[in-house]
Amino acid sequence: MAMAVLAAVLAYAPLAQSAPDVFRVEPGMTSVEFGVSHLGISRQRGTFDQTWGRIELDGSRSTGRIDFVVDAASVNTGWSVRDAFIRGEDMFDVEQHPVMRFRSTRLDFDAGVLRRIDGDLTLHGITREVTSAVMRLDCGVDPATGRAGCGAEATGTIRRSDYGMSYALPLIGDEIDLRFLVTAFAVPLRGETDTY
Amino acid sequence: MILSSRRVVAMAALACAVVATNAVAAQEVYVLDPSHTIPMFEVTHLGFSQQRGSFSNVSGRITIDRAARKGTMDVVVATASINPGTPRLLATLKGEDFFNVEKFPTMTYKSADLEFDGEQLVTVKGELTLLGVTHPVALKVTAFKCGAHPFNKRMMCGGEASTTIKRSEFGMKYGIPAAASDEIRIVIPFEGMREPGNAG
């Protein structure tokens with residue numbers, strides 16, 4: 001569904017300069033968790049389960065960039081009635097806005113380790129600056145495939161009203177906590193054109 | 001707001017059950033709202049990849065005796081309602097190597113030991129039965145809060161319960177540690193609606 005859009009927006013020319021590590025976000029192994037207050041009584045949680053993205057990191061130069069896309073229709077709260085409501089016009093309006101997209105503008109490293117990500121989040125057709133703290137970044141090798149990969153957890157907070165989603169405020173809270181659970185595998189050969 | 005026919009049916013059934021019990025005067029009974037009580041689990045794959053899932057069919061109740069600062073919790077989770085983030089894992093997780101849902105259609109949690117800090121429910125000490133194996137599991141409760149529902153005005157309580165278990169202790173040993181870690185992080189946002197049948 002959103003694949004055609006994604007193929008267009010994610011078609012990058014490989015960077016010619018230094019040799020950053022390039023990772024491709026693994027769809028189906030990456031999720032974005034969100035939490036929102038319900039009636040002030042509990043914090044309800046769900047995930048978006050379909051994602052794509054590309055991550056370039058060069059720890060030695062403390063540079064990199066991230067482009068991350070989420071299928072807005074892939075919301076999964078464990079209750080189908082609520083999922084349909086979130087997809088609908090009062091919330092994400094996925095017919096009009098099928099994807100959310102995050103593009104980094106600045107990455108902060110501490111001794112070569114990625115700690116903070118600033119960037120632009122486009123959601124519901126509105127783009128705002130957001131910041132995200134990297135809570136964990138572990139890497140390893142998938143023994144089955146020999147592929148090198150990393151798992152990262154990054155957190156942030158947004159207000160849905162900033163993105164034009166003000167339905168049912170404040171019964172459903174404005175502040176949304178986000179938790180990105182990203183698994184990404186190294187692109188096989190540096191400089192090789194990777195399509196996804 | 002969204003109304004759930006499932007919730008209405010569950011409440012009707014449980015309301016009948018509650019009336020039949022010998023309610024203690026000071027005891028408040030809260031029936032878990034299955035639409036807003038979604039246990040989530042998180043497991044590490046390949047040693048570095050965090051994977052999430054949830055269970056979408058939960059029923060249960062919490063009783064609270066505020067004066068005595070005591071209470072109970074009983075929860076039943078339909079194991080076949082497992083909802084992995086990625087559909088390709090569904091059959092594997094329902095199968096014999098993991099939840100074995102045909103033989104063990106439910107997992108249960110029972111506690112008669114709720115701990116309060118003032119008005120706040122902070123800890124639940126109980127027993128989890130999974131794959132027919134029972135072990136003590138303590139839940140930490142954060143953000144416990146009670147208040148009136150804005151529309152029907154009934155008292156409700158909610159919060160978030162969390163814990164970490166080792167699946168191997170329940171005999172779920174397949175694929176440790178590469179496919180899925182032994183440690184399973186569990187987070188349960190919950191809401192319960194007070195039963196009107198027993199006046200507190």
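## A loop residue in chain A

Asp93(A) sits in the loop that runs between helix H2 (80-87) and strand S7 (99-110) of chain A. Its phi is positive, about 50 degrees, although Asp93(A) is not a glycine. Is Asp93(A) buried, exposed or partly exposed? Asp93(A) is partly exposed, because 16 other C-beta atoms lie within 10 Å, and a buried residue would need 20 or more.

## Confidence in the model

This is a predicted model. The model scores are ipTM 0.85 and pTM 0.86. For chain B, the average pLDDT is 90, and 86% of the residues score at least 70.

## Helix H2 of chain A

Which residues of H2(A) are buried? They are Arg82(A), Phe85(A) and Ile86(A). These residues lie on the same side of H2(A), because they cover an arc of only 95 degrees around the axis. A general rule fits here. An α-helix has 3.6 residues a turn, so residues three or four places apart point the same way.

What do the buried residues of H2(A) pack against? Their partner is strand S6 (75-76) of chain A. The face turned away from the buried side carries Ser80(A) and Ala84(A), which are exposed.

Strand S4 of chain A covers residues 51-58. Six of its eight residues are buried, so S4(A) is largely enclosed by the rest of the structure.

S4(A) pairs with strand S1 (residues 21-25) of chain A. That pairing is antiparallel and spans four bridges. S4(A) also runs antiparallel to strand S5 (residues 63-71) of chain A, and eight bridges join these two. Ile55(A) takes part in both pairings. In S4(A), Ile55(A) is the bridge partner of Phe23(A). In S5(A), Ile66(A) is the bridge partner of Ile55(A).

How many residues lie between S4(A) and S5(A) in their hairpin? There are four. In the turn, Ser62(A) has a positive phi of about 55 degrees.

## Chain B at a glance

Chain B holds two helices and 11 strands. Along the sequence, the order is α-β-β-β-β-β-β-α-β-β-β-β-β. Chain B has 200 residues, and buried residues make up 35% of them. Take the contacts in chain B between residues at least 6 apart in sequence: 57% of these join residues at least 24 apart.

## Two loop residues in chain B

Leu131(B) lies in the loop between strand S8 (120-130) and strand S9 (133-148) of chain B. Its phi is positive, about 55 degrees, although Leu131(B) is not a glycine. Leu131(B) counts as partly exposed because it has 16 C-beta neighbours inside 10 Å.

Ser81(B) is found in the loop between strand S5 (70-78) and strand S6 (82-84) of chain B. What does Ser81(B) touch, leaving aside residues up to four places away in sequence? Ser81(B) touches Phe55(B), Ser56(B) and Asn57(B). Val137(B) is 56 residues from Ser81(B) along the chain, and 21 Å separates their C-alpha atoms.

## Cis peptide bonds

Where does chain A have a cis peptide bond? One runs from Leu169(A) to Pro170(A), with omega near -5 degrees. Pro170(A) lies in the loop between strand S10 (148-159) and strand S11 (172-186) of chain A.

In chain B, the peptide bond from Ile176(B) to Pro177(B) is cis, with omega near 0 degrees. Pro177(B) lies in the loop between strand S10 (155-166) and strand S11 (183-194) of chain B.

## Where the chains meet

How many residues of chain B are in contact with chain A? The count is 34, and they meet 33 residues of chain A. Strand S3 (49-55), S9, S10 and S11 of chain B each supply at least two residues of the side that touches chain A. By class, that side of chain B has 13 nonpolar, 16 polar and five charged residues.

Key
Residues numbered from 1 in each chain as written. Chains lettered and ligands numbered in written order. Predicted model: local features only at pLDDT ≥ 70, side-chain atom pairs only at ≥ 80, totals over all residues. pLDDT = per-residue confidence, 0-100. Buried ≥ 20, exposed ≤ 12 C-beta atoms within 10 Å, placed from the backbone. Arc of directions from axis to C-beta. Contact = placed C-beta atoms within 7 Å. Nonpolar A, V, L, I, M, F, W, Y, C, P; charged D, E, K, R; others polar. Pairing = 2+ DSSP bridges.
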